[in-house]
Amino acid sequence: MDEAALILEAKRGDLTAFNRLVLAYQDMVYNQAYRMMGELDAAQDATQEAFISAYRSMHSFRGGSFKGWLLRIVTNACYDELRRRKRRPTTPLEPLDDDDEEIESPHWIADPGETPEESTERQELSQAIQNCLEQLPDEFKAVVVLVDLQGVDYTEAASIMQTPLGTIKSRLARARLRLRDCLQGFWELLPAAFRLVEESKS
Amino acid sequence: MTKQLSTHDWEILSAYLDGELTSQEQTRLEHSLQQRIDLQQALDELRRTRIILRSAARVRAPRNFSLTPAMVGGLKPSRKPLFSFNALRFSSALASVLLVLTVIGEWFSFSGPLATQVAMVSEPAAEAEFVPPEAAMLPDSTTNASELRQSITEEPSPKALMAPEGTPVPTFSLDAWSVAETEATVEEPAEGGEPFAGAYLAETPSAEEAPLLEAAPPLEEAPAGEVMNATETPSAEVAELAAASQPTAVAAADTGEAVAVQSDTTDPVWDPRLPWRLAQGVLLTLALITGSAALITRQLQRSRTR
């Protein structure tokens with residue numbers, strides 16, 4: 001069954017059809033939540049809440065990009081949680097292990113195909129990116145995660161953020177400028193082959 | 001060197017990396033890039049930053065986020081709300097506008113320039129309808145009644161004087177009305193124990209009662225002796241005049257026996273502003289209800305899409 005048919009069934013209340021959509025998009029939604037929130041538990045909560053909200057408001061989906069619609073829901077859920085935390089900033093930014101110690105290199109982002117050295121470097125870079133993202137204002141963070149991590153174009157980002165295209169362009173440039181300063185020195189951590197391929201793409 | 005670039009320059013460079021510039025902007029930027037090393041350096045730094053960001057590991061969902069019926073409370077997706085936010089907002093705005101219009105309309109009708117014109121036109125009618133204050137001020141003295149009766153004969157109304165003999169008088173003077181009212185009050189404890197035998201109340205004078213007024217002889221025709229005996233046996237003509245002049249009460253005389261009915265001057269007076277006030281109340285309530293409902297609807301819709 002294709003996506004359009006699943007959406008139609010989900011709008012009629014078919015939970016099974018909706019759950020098939022969940023399986024197709026849960027990684028994307030969870031990534032957005034994780035990069036926005038920076039925590040495993042908070043990202044899981046935001047993701048679950050976003051899917052529940054999406055199911056309950058399926059009637060308001062008027063077609064177009066279902067992916068964009070889901071990203072908007074989860075981004076709004078993260079905004080709400082981040083605003084709430086700013087009022088009561090008591091939650092640690094780093095995830096905790098069983099002994100309530102901060103985890104510097106989260107194990108859940110490990111790629112089983114990598115060598116231990118590659119895995120370490122990759123985790124280090126990923127954590128560095130996450131740390132730099134944390135320093136951005138929420139609006140900048142949401143745009144840069146959407147465009148650079150989720151691969152969304154400007155028009156769709158404007159639709160998801162419900163913001164003018166010029167604002168998206170401006171926020172993205174300023175976010176990249178700040179991240180450039182924050183991520184200086186991490187370029188060498190990228191594998192040489194990866195760097196060459198990416199530079200040739202650009 | 002790159003610190004001298006403006007925010008706009010960075011925006012152009014950032015959009016250039018994503019292919020979001022127009023062909024004209026792109027041509028202009030590429031021309032500048034060939035001439036300015038600082039622009040090339042800035043573009044390189046942005047490109048590397050972008051590559052680093054895109055190299056970030058894609059995090060896999062740690063668990064399955066499929067929904068269970070318990071999670072959604074066994075409910076199907078919410079139906080389209082009965083009242084949309086826009087419809088409620090429009091209703092509230094419309095009710096508010098109508099409320100303002102009714103307030104302005106009331107002001108024009110009762111306080112504005114229109115009100116003065118209406119008041120000038122309706123002034124005589126108002127004088128005829130309301131109970132003259134002189135009637136209320138007249139005491140219950142029988143001597144006063146007889147004196148007044150005398151004053152009636154001595155000072156008839158101009159119309160009564162002008163009318164030919166035997167011609168019905170459609171209007172009567174204030175004094176005549178006052179006498180009748182006074183007599184009606186004075187004669188209440190009439191002897192015979194049947195004071196209300198022929199009396200009845202009528203909210204509005206019937207069509208058959210109108211001729212009573214026309215048949216009433218001019219006041220100046222009443223014999224002096226009868227007038228002087230008014231406190232003992234009031235004339236039927238005067239009683240009929242009183243009945244015809246008082247829309248809320250009719251005093252009828254039966255075989256010369258004095259019958260009087262105290263008119264009910266405490267009836268609530270119709271306030272012409274009442275419909276305006278009612279409309280304003282309804283519109284205000286409607287505006288408040290729909291406005292509140294619109295706010296609640298918007299909050300519900302927002303919470304659902306979060």
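Predicted model: local features only at pLDDT ≥ 70, side-chain atom pairs only at ≥ 80, totals over all residues.
**Entry 1: a word to start with**

I call two residues in contact when their heavy atoms lie within 4.5 Å. I found A33(A) in helix α2 of chain A. Buried or exposed, I wondered about A33(A)? A33(A) is buried, because its relative accessible area is 0% and buried means under 20%. I also checked one pair of C-alpha atoms: those of A33(A) and A43(A) are separated by 4.8 Å, though the two residues are 10 apart along the chain.

I turned to confidence next. Chain A has a mean pLDDT of 84, with 77% of its residues at 70 or more. Which element of chain A has the lowest mean pLDDT, and which the highest? Helix α9 (residues 192–201) of chain A is the lowest at 62, while helix α2 (residues 15–37) of chain A is the highest at 95. I noted a stretch to read with care: over residues 104–110 of chain A, pLDDT stays under 50. For that stretch the model has 16 contacts beyond four places in sequence.

**Entry 2: the two chains**

I wrote down the make-up of each chain. Chain A has nine helices and zero strands, and chain B has 13 helices and zero strands. Of the 202 residues in chain A, 52% are buried; of the 306 in chain B, 33% count as buried. The accessible surface of chain A is about 9600 Å², with 48% belonging to carbon and sulfur atoms. Chain B exposes about 18900 Å², and carbon and sulfur atoms supply 59% of that.

I then looked at how contacts reach along each sequence. Taking contacts between residues at least 6 apart, 60% in chain A join residues at least 24 apart. In chain B, 76% of such contacts join residues at least 24 apart.

**Entry 3: the nonpolar core**

Which residues touch the most other members of the largest nonpolar core? I found F18(A), F66(A), L70(A), V144(A) and L13(B), out of 85 residues in that core. Helix α2(A) gives the most to this core, with 13 residues. Beyond its neighbours within four places in sequence, L70(A) is in contact with Y25(A), M28(A), V29(A), F51(A) and A54(A).

**Entry 4: helix α1 of chain B**

L13(B) sent me to helix α1 (residues 7–17) of chain B, where L13(B) is one of the buried residues. What covers the buried residues of α1(B)? The cover includes α7 (154–161) and α8 (165–182) of chain A, along with α2 (23–35) and α3 (37–54) of chain B. Just after α1(B), I saw that G19(B) takes a positive phi of about 70 degrees.

**Entry 5: salt bridges**

I counted 19 salt bridges over all chains. One of them joins the side chains of R176(A) and D18(B), at 2.9 Å from N to O. This pair crosses between chains, from helix α8 of chain A to the loop between α1 and α2 of chain B. Both R176(A) and D18(B) are buried.

I looked at R36(B) and D38(B) too, whose closest N and O atoms are 3.0 Å apart in a salt bridge. R36(B) is partly exposed at 35% relative accessibility, whereas D38(B) is buried at 7%. Elsewhere, salt bridges with shared partners join D148(A), R176(A), D18(B), R50(B) and R54(B) into one network.

In chain A, E9(A) forms a salt bridge with R12(A), with the closest N and O atoms 3.2 Å apart. Here E9(A) is partly exposed at 25%, and R12(A) is exposed at 56%.

**Entry 6: two spots on chain B**

I ended with a surface patch. F90(B), L94(B), V97(B), L98(B), V100(B), L101(B), I104(B), W107(B) and F108(B) form a nonpolar patch with about 860 Å² of accessible area together. L94(B) sits in helix α4 (residues 85–110) of chain B, and is partly exposed at 43% relative accessible area.

My last stop was Q280(B) in helix α13 (residues 274–305) of chain B. Q280(B) counts as buried, because its relative accessibility is 12%. Leaving out residues up to four places away in sequence, Q280(B) touches L99(B), T102(B), V103(B) and E106(B).

Conventions
Residues numbered from 1 in each chain as written. Chains lettered and ligands numbered in written order. Heavy atoms only, no water. pLDDT = per-residue confidence, 0-100. Helix = DSSP H or I, 4+ residues; strand = E, 2+ residues; numbered from the N terminus. Core = buried A, V, L, I, M, F, W, Y, C linked by side-chain atoms within 4.5 Å. Buried < 20%, exposed > 50% of the residue type's maximum accessible area, 1.4 Å probe, protein only. Patch = residues over 30% accessible without salt bridge, like charges linked within 9 Å, V, L, I, M, F, W, Y side chains within 5 Å. Areas by Shrake-Rupley, 256 points an atom, 1.4 Å probe, with all protein chains shown as cover. Salt bridge = Lys/Arg side-chain N within 4 Å of Asp/Glu carboxyl O.
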